[in-house]
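This briefing covers a single protein chain. It is meant to be read beside the coordinates.

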Amino acid sequence: HKEFLQICFSSTVAQCYMKNEFGISTVSGSNILGEEELAGWPLPCNSIRLKLSDPRDTTGKIQIKGSNVIQSSSNSIKSKSNPNNQRWWTTNDIGQWNGNGTLTVLGHKNGVLEPVKGEIVFNRYLENIYMESCFVQQMVVTCMKYRPLIAIIVPDPEMLFRFAHERRLETSYDLRTLMNSRVVLDEVLKDLERIAGENNLKAWE
C-alpha cells in the first residue's frame, strides 16, 4: 500500500490505511517531521475533526469532509445524498491531534487490542513494525482482552534458506525442518527483538 501511494502521489508516504473499496489522502507530511512522527497536517481541501467518546479524551474517530471525499461506496448508501460533500464522513480510523497541529493516525477501531488493562495497541501498527524483519513474509497480531499478545508469522522461505546456507547448517533445506530448527528460530527471534528495541516497543508489545 505504502509503495503504491508513493507512486500515485509522487511523494514520501510515512503511514497509510486503505479500505477494500477506496483509499484516502487527507493529511500531508513533511521532511521537517522526524522519522518517529508518523503524522501530517490536514490538506487544504479537507476539514478534519475527531469524534470523541468523552470530552476529556485525546483520541477519537477521524471524521473528514471536503471536495476530495468520495461521495458514495458500495457499503455507504447514505453518502449518496451528500452531493456537496458537506456531511462529515466517519473513517472509523482512530487519530489524535498533536501539539504542533499535525494529526497522527493510530489505527482502525477494529484493530484495537488491550493486552494490559489501561494500555491499548493497534494490531496493524505492530504488524507493520515487525514486517521490517527480512524473515517475516506475513504477520497477524491478536489477543484476548487482558491477555498476552499473540503473533502468527509466515516466514520468508528464501531468507530461511539463505540463512541456513550461510551458516552451513546440516539440514535437508526442507521448510518444515528449518522452521523447527532451534538455530533458525533463535535467529528470527533475535531479529524481531532488534526491531522491537529500535522502535522502543514496550515489553508486552
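The notes below go from the whole chain to its cores, strands and selected residues.

This is a predicted model, in which local features need pLDDT of at least 70 and side-chain atom pairs count only at pLDDT 80 or more, while totals for chains, interfaces and linings use all residues. Residues are numbered from 1 along each chain as its sequence is written, and side-chain values use heavy atoms, with hydrogens and water left out.

**Whole chain**

- The protein chain holds 5 helices and 10 strands; helices (H or I, at least four residues) and strands (E, at least two) are DSSP runs, numbered from the N terminus.
- Of its 205 residues, 33% count as buried; buried means under 20% relative accessible area, exposed over 50% and partly exposed in between, with a 1.4 Å probe and protein chains only.
- The accessible surface is about 13600 Å², and 51% of that belongs to carbon and sulfur atoms; the areas come from the Shrake-Rupley method with a 1.4 Å probe, and for residues only the protein chains shown count as cover.
- Taking contacts (heavy atoms within 4.5 Å) between residues at least 6 apart in sequence, 43% join residues at least 24 apart.

**Nonpolar cores**

- A nonpolar core is a set of buried Ala, Val, Leu, Ile, Met, Phe, Trp, Tyr and Cys residues joined through side-chain atoms within 4.5 Å.
- The largest has 22 residues, of which Tyr130, Phe135, Leu160, Val184, Val188 and Leu201 touch the most other members.
- At least two residues of this core come from each of α2 (123-130), β9 (136-142), α3 (157-166) and α5 (182-198), and α5 gives the most, with 5 residues.
- Leaving aside neighbours within four places in sequence, Val188 is in contact with Phe135 and Leu160.
- A second, separate core has 8 residues, including Ile48, Ile62, Ile64 and Trp89.

**Aromatic pair**

- There is 1 aromatic pair, where rings of Phe, Tyr and Trp (its six-membered ring) pair if their centres lie within 6.5 Å, and planes under 30 degrees apart count as stacked, over 60 as edge-to-face and the rest as tilted.
- The pair is Phe135 with Phe163, edge-to-face because the ring centres are 6.2 Å apart and the planes at 90°.
- Phe135 sits in the loop between α2 and β9 and Phe163 in helix α3, so the pair ties together parts 28 residues apart in sequence.
- Both Phe135 and Phe163 are buried.

**Strand pairing**

- Two strands pair if DSSP finds at least two bridges between them.
- Strand β3 (residues 46-51) runs antiparallel to β4 with 6 bridges, and Ser47 has Lys65 in β4 as its bridge partner.
- Strand β4 (residues 59-66) is mostly covered, with 6 of its 8 residues buried.
- β4 and β5 are antiparallel and joined by 5 bridges; the bridge partner of Gly60 is Gly95 in β5.
- Strands β5 (residues 89-97) and β6 (residues 103-108) are also antiparallel, with 5 bridges, and Asp93 has His108 in β6 as its partner.
- The β5 and β6 hairpin has 5 residues between the strands, and its Gly101 takes a positive phi near 90°.

**Asn92**

- Asn92 lies in strand β5 and is partly exposed, with a relative accessible area of 24%.
- Apart from neighbours within four places in sequence, Asn92 is in contact with Lys61, Ile62, His108 and Lys109.
- The C-alpha atoms of Asn92 and Lys109 are separated by 5.8 Å, although the two are 17 residues apart along the chain.

**Cysteines**

- The disulfide count is 0, a disulfide being a pair of cysteine sulfur atoms within 2.5 Å.
- Cys8 is partly exposed at 44% relative accessibility, and Cys134 is partly exposed at 38%.
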